[in-house]
Amino acid sequence: MNKESKEFATELFRALAQRRHIFGDTINKGQLKEFWEQISDESFDSRLQTFFDMVDKDADGRITEEEVREIIGLSASANKLSNIQKQAQEYAALIMEELDPDNKGYIMVHNLETLLLQAPNQSVRVGDSKVMSQLLSQKLKPTIDNNPVRRWCEKAKYFLMDNWKRLWVMAVWIAIMAGLFTYKFIQYRNRAAYGVMGYCVCVAKGGAETVKFNMALILLPVCRNTITWLRNKTRLSVAVPFDDNLNFHKVIAAGIAVGVGLHVISHVTCDFPRILNANPEKYAPMKPYFGDVQPPNYWWFVKSW
């Protein structure tokens with residue numbers, strides 16, 4: 001579990017303690033063993049009972065819509081499913097509508113079992129609650145689809161649901177860098193320097209162009225006032241993951257490191273040796289940049305600005 005899972009862990013502890021009539025925040029070694037045996041029991045009945053105890057805080061054997069909403073939020077937070085967390089109220093209402101058609105205001109453990117035991121390819125009466133049903137079923141019932149393609153498709157679907165904002169921002173960022181690199185690569189492919197240094201100079205200049213872009217961009221994700229204003233005062237947060245600003249800052253830093261690596265390594269391992277070894281005729285186009293006299297050795301490049 002991650003550091004954001006403290007609330008979920010607290011509720012799990014409360015549920016396990018409540019069933020054993022344990023009060024307080026501490027347990028002994030024997031109780032710890034009991035807790036562990038229940039948590040590690042992969043049978044569906046055991047997991048369902050644990051889950052039900054977490055939801056049923058007052059231990060009256062009934063679950064209200066508010067209790068359903070709270071446990072969905074905690075489960076989604078612990079599993080980093082931000083989309084599910086934001087729609088916890090909606091999912092709770094859908095589940096109650098599905099399992100409490102008589103509007104009693106509560107559901108029992110056998111109602112919850114009905115929802116969770118549905119096969120992943122079955123729909124429920126309320127279409128959107130199918131997603132929640134599958135999510136909880138996979139968390140509580142350790143069944144594995146034998147078809148690897150279907151398993152992959154399920155994982156890909158949940159991944160896209162929870163990460164589409166990050167994916168499109170990354171796609172745009174990568175596309176811009178690819179465009180800048182290609183632009184500079186082609187530009188130097190058609191210059192006289194290419195005749196001396198070949199593709200090495202094209203790679204070096206392409207890498208440098210991406211560094212310019214990323215150096216101009218890297219401080220934006222850590223401008224807190226700007227990010228807060230964009231998140232709260234504009235509608236961009238619908239499509240832009242502003243809460244991931246620090247991670248994007250790190251990604252840009254990694255992009256800078258790659259660009260610098262391409263630029264420096266191409267120059268020091270390829271471009272400079274080619275200039276040193278070029279014959280006078282090939283070196284002629286380089287005179288405006290490196291002087292009329294061809295550099296005598298590698299040290300000349302190292303000490304020269």
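Me: What is the handedness of the crossing of helix 9 and helix 13?
Reply: In this predicted model, the crossing of helix 9 and helix 13 is right-handed. A crossing has that name if the near helix is turned clockwise from the far one by less than a right angle, and is left-handed if anticlockwise. Helices are DSSP runs of H or I with at least four residues, and strands are runs of E with at least two, numbered from the N terminus.

Me: Why are helix 9 and helix 13 called roughly parallel?
Reply: The axes of helix 9 (residues 148-189) and helix 13 (residues 245-277) cross at roughly 20 degrees and come within 12 Å. Axes are lines fitted to C-alpha atoms, for helices over the stretch in contact, with angles from 0 to 180 degrees between N-to-C directions. Angles under 35 degrees count as roughly parallel, over 145 as roughly antiparallel, 65 to 115 as roughly perpendicular and the rest as oblique. Helix 9 and helix 13 are therefore roughly parallel to each other.

Me: Which residues make the contact of helix 9 with helix 13?
Reply: Val 169, Met 170, Trp 173 and Phe 181 of helix 9 meet Phe 248, Val 251, Ile 252, Gly 255 and Leu 262 of helix 13, contact being heavy atoms within 4.5 Å. Eight of these residues are nonpolar, one is polar and none is charged. Ala, Val, Leu, Ile, Met, Phe, Trp, Tyr, Cys and Pro count as nonpolar, Asp, Glu, Lys and Arg as charged, and the others, Gly among them, as polar.

Me: What makes helix 1 roughly perpendicular to helix 2?
Reply: The axes of helix 1 (residues 6-19) and helix 2 (residues 29-40) cross at roughly 110 degrees and come within 11 Å. That angle makes helix 1 roughly perpendicular to helix 2. Leu 12, Phe 13, Leu 16 and Ala 17 of helix 1 make the contact with Phe 35, Gln 38 and Ile 39 of helix 2.

Me: Why is helix 3 described as largely enclosed by the rest of the structure?
Reply: Nine of the 12 residues of helix 3 are buried, so the description holds. Buried means under 20% relative accessible area, exposed over 50%, and partly exposed in between (1.4 Å probe, protein chains only). Among the buried residues are Phe 44, Phe 51, Phe 52 and Asp 53. Buried residues make up 35% of the 305 residues in the protein chain.

Me: Which conventions apply to this model?
Reply: Residues are numbered from 1 along each chain as its sequence is written. Local features need pLDDT of at least 70 and side-chain atom pairs count only at pLDDT 80 or more, whereas totals for chains, interfaces and linings use all residues; side-chain values use heavy atoms, leaving out hydrogens and water.
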